[in-house]
Amino acid sequence: MGSCENEHANGNGDDHQQQEQDSISPNPLIQDYVAKNIPVLSRNKRAAVLICIFGGQDGDVALPGGKMDEGDADDCATALREATEEIGLDPGLVRVVANLDPFISSNLLTVVPVVGVLTRVEDFKPVLNEDEVDAIFDAPLEMFLQEDQHKCIEKEWGGLKYACHVFELETEQGNFVVGGLTASILIQAASIIYKRSPAFNQSLQDFSQLQWALAPANQVVVDMEDGPGPGGSDVG
């Protein structure tokens, strides 16, 4: 969760920026599903990451994130706090637009992607926290829907097979591999933002999809003192 992968929003001009804002508007179906079906889990098994989008030719998406702290009001608060700690992002610069469907990590944390728009790009000056973040780099968001740099590694968990998506890319900052949970989150985000499915085969479930399929709703651990589930005040 410590590493941070960034990718650009493509294109420029007023028309594109309007299209981009339309494409990342909150999805009422997702918000309604999360509000009704996803409870707040015990805080020691919950985490959030921030998908922070900003437009224009040099726009990026960042995925800082980590486990929920006792002082975090909700998933949005967790994601914004981690963004401040890891890359120096001022929460006041971010307009949160939606929470995406939660994922389950390999250590069985429930991870909620929080989508936000960086409203004033020029005011964001990244500060790398070397204790928590390995690198900051750029990659096209649309890349996570394309087959060119994608490969699928078949793995096993409890005797069941699942897909580990991997993307290899070359940037000015060096060569990087985006895989596992981060890749799955970005595939979902890109699919929603660009409103299309990936070009590559997704017949084999990834780890998170496998875990959701195996775990009935009545086995989800709920901490009732944590308050209402996501999809309420934490969706801007």
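Biologist: Starting with β10 and β11, how many residues lie between them in their hairpin?
Modeller: Two residues lie between β10 and β11 in that hairpin. The model is a predicted one, in which local features need pLDDT of at least 70 and side-chain atom pairs count only at pLDDT 80 or more, while totals for chains, interfaces and linings use all residues. Residues are numbered from 1 along each chain as its sequence is written, and side-chain values use heavy atoms, with hydrogens and water left out. Strands here are DSSP runs of E with at least two residues, and helices are runs of H or I with at least four, numbered from the N terminus.

Biologist: How many bridges join β10 to β11, and which way do they run?
Modeller: The two strands run antiparallel, and six bridges join β10, residues 160–171, to β11; two strands count as paired if DSSP finds at least two bridges between them.

Biologist: What happens in the hairpin of β9 and β10?
Modeller: That hairpin has two residues between the strands, and Gly-158 takes a positive phi near 60° there. The strands themselves are antiparallel and are joined by eight bridges, with Trp-157 standing opposite Leu-160 in β10.

Biologist: Changing topic to β2: how many of its residues are buried?
Modeller: Eight of the eight residues of β2, which covers residues 46–53, are buried, meaning under 20% relative accessible area, with exposed meaning over 50% and partly exposed in between (1.4 Å probe, protein chains only). In a regular strand the side chains alternate between the two faces of the sheet. In β2 both faces are covered, with Arg-46, Ala-48, Leu-50 and Cys-52 buried on one side and Ala-47, Val-49, Ile-51 and Ile-53 buried on the other.

Biologist: Which strand pairs with β2 in the parallel sense, and which in the antiparallel sense?
Modeller: The parallel pairing is with β7, residues 110–118, over eight bridges, and there Cys-52 has Gly-116 of β7 as its bridge partner. The antiparallel pairing is with β4, residues 65–67, over three bridges, and Ala-47 stands opposite Lys-67 in β4.

Biologist: Now α3: what span should it have, and how far apart are its end C-alpha atoms?
Modeller: At 1.5 Å a residue, the 13 residues of α3 (residues 75–87) should span 18 Å, and the end C-alpha atoms are 18 Å apart, which agrees; the expected span is 1.5 Å times one less than the number of residues. At the N-terminal end, Asp-74 caps the helix through a side-chain oxygen 3.3 Å from the backbone nitrogen of Cys-76. Just after α3, Gly-88 takes a positive phi of about 70°.

Biologist: How many residues of α3 are buried?
Modeller: Ten of the 13 are buried, so α3 is mostly covered; among the buried ones are Asp-75, Cys-76, Leu-80 and Ile-87.

Biologist: Which residues are linked with Arg-81 in the network of salt bridges?
Modeller: The network links Arg-81 with Asp-69, Asp-72, Glu-82 and Glu-85, a salt bridge being a side-chain nitrogen of Lys or Arg within 4 Å of a carboxyl oxygen of Asp or Glu. The closest N and O atoms are 3.1 Å apart for Arg-81 and Glu-82 and 3.2 Å apart for Glu-85 and Arg-81, whereas Asp-72 and Arg-81 meet at 2.9 Å, N to O. Glu-85 and Arg-81 both lie in α3, four residues apart, about one turn of the helix. A search of the whole structure finds nine salt bridges.

How values were computed. A polar contact is a pair of N or O atoms within 3.5 Å; within protein, one must be able to donate a hydrogen and the other to accept it, and residues adjacent in sequence count only if both atoms are side-chain atoms.
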